[in-house]
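Hi,

Here is the structure I promised to pass on. Have a look at it first, then read my notes below.

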Amino acid sequence: MTDESRLKPYHVELSLPAGRDAVWDAVTQVPVLRQWFGWDYDALDAEIEQIFVTEARLLAPERMGWADGSYLEVTGDDEACTVRAIREGPPPADPDRYDGIEEGWKSFLTQLRFLLERKPQGRRRTLYLTGETTGRQALELADGDWERFGNRVAWTVNADGDLIVVSARLPLDRPGAGRTEVTVSTYGLDDAAFAERREAWTKRWAPVAAGAEVTTADTPAPTS
């Protein structure tokens with residue numbers, strides 16, 4: 001078996017400003033998961049149900065696992081904790097090889113931290129932008145101080161208070177264009193305000209991304 005065909009081990013870890021019990025609820029209770037996990041499309045609720053209810057197994061207190069050997073655990077106390085998404089295994093020959101699940105956890109745990117730290121009010125609604133662009137162009141979509149989570153994921157909060165997470169197949173500092181995903185998380189918007197956000201981001205995204213698509217709750221997942 002070649003290194004490319006093996007499941008890549010990963011260890012994604014993030015400190016959170018909330019107690020262990022509250023974070024465990026956030027990663028196991030479907031209504032709370034809906035406020036941070038993934039991005040809106042027409043089958044998100046079914047995806048959450050499949051991953052966290054149907055397929056997840058309780059391995060230990062505050063630890064759940066899946067058939068591929070990966071697991072999610074929460075450790076800490078009543079004031080603060082750490083959440084880890086881990087898939088164990090021998091070190092890969094190329095530790096920088098892209099793994100969609102690893103990078104997904106980086107994005108999703110960033111969204112979880114935003115929910116617990118900022119405590120935004122109202123229902124979460126997202127815009128999921130996909131296409132091919134460079135890291136530089138993606139990070140120019142919004143003003144603000146971008147924080148990095150590894151070399152493929154970055155996030156910021158814009159003037160509207162929306163969380164913006166950029167995740168790219170290529171390292172963000174590389175000059176070439178590659179598949180890039182931008183998740184804009186909004187909270188508490190009515191239909192009119194959300195439609196305005198969608199129009200503004202569509203106009204911003206289309207000129208900088210080849211094959212640009214914008215996915216929302218009423219549309220299917222984009223093509224990979």
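Start with the open sheet: five strands in the order β1-β5-β4-β3-β2, paired in the antiparallel sense. Strands here are DSSP runs of E with at least two residues, helices are runs of H or I with at least four, and both are numbered from the N terminus. Two strands pair if DSSP finds at least two bridges between them. At the edges sit β1 (10-16) and β2 (57-60), each pairing on one side only. From one strand to the next, the twist averages 20°.

Keep in mind that this is a predicted model: local features need pLDDT of at least 70 and side-chain atom pairs pLDDT 80 or more, while totals for chains, interfaces and linings use all residues. Numbering starts from 1 along each chain as its sequence is written, and side-chain values use heavy atoms, without hydrogens and water.

Inside the sheet, β4 (residues 70-76) and β5 (residues 81-87) are antiparallel over seven bridges. For example, Thr75 has Thr82 in β5 as its bridge partner.

Now the helices. Helix α1 (residues 20-28) packs on the sheet and touches β1, β2, β3 (63-65), β4 and β5, with its direction at about 155° to that of β4. Contact means heavy atoms within 4.5 Å; axes are lines fitted to C-alpha atoms, for helices over the stretch in contact, and angles run from 0 to 180 degrees between N-to-C directions. Helix α4 lies across β1, β4 and β5, at about 5° to β1.

Happy browsing!
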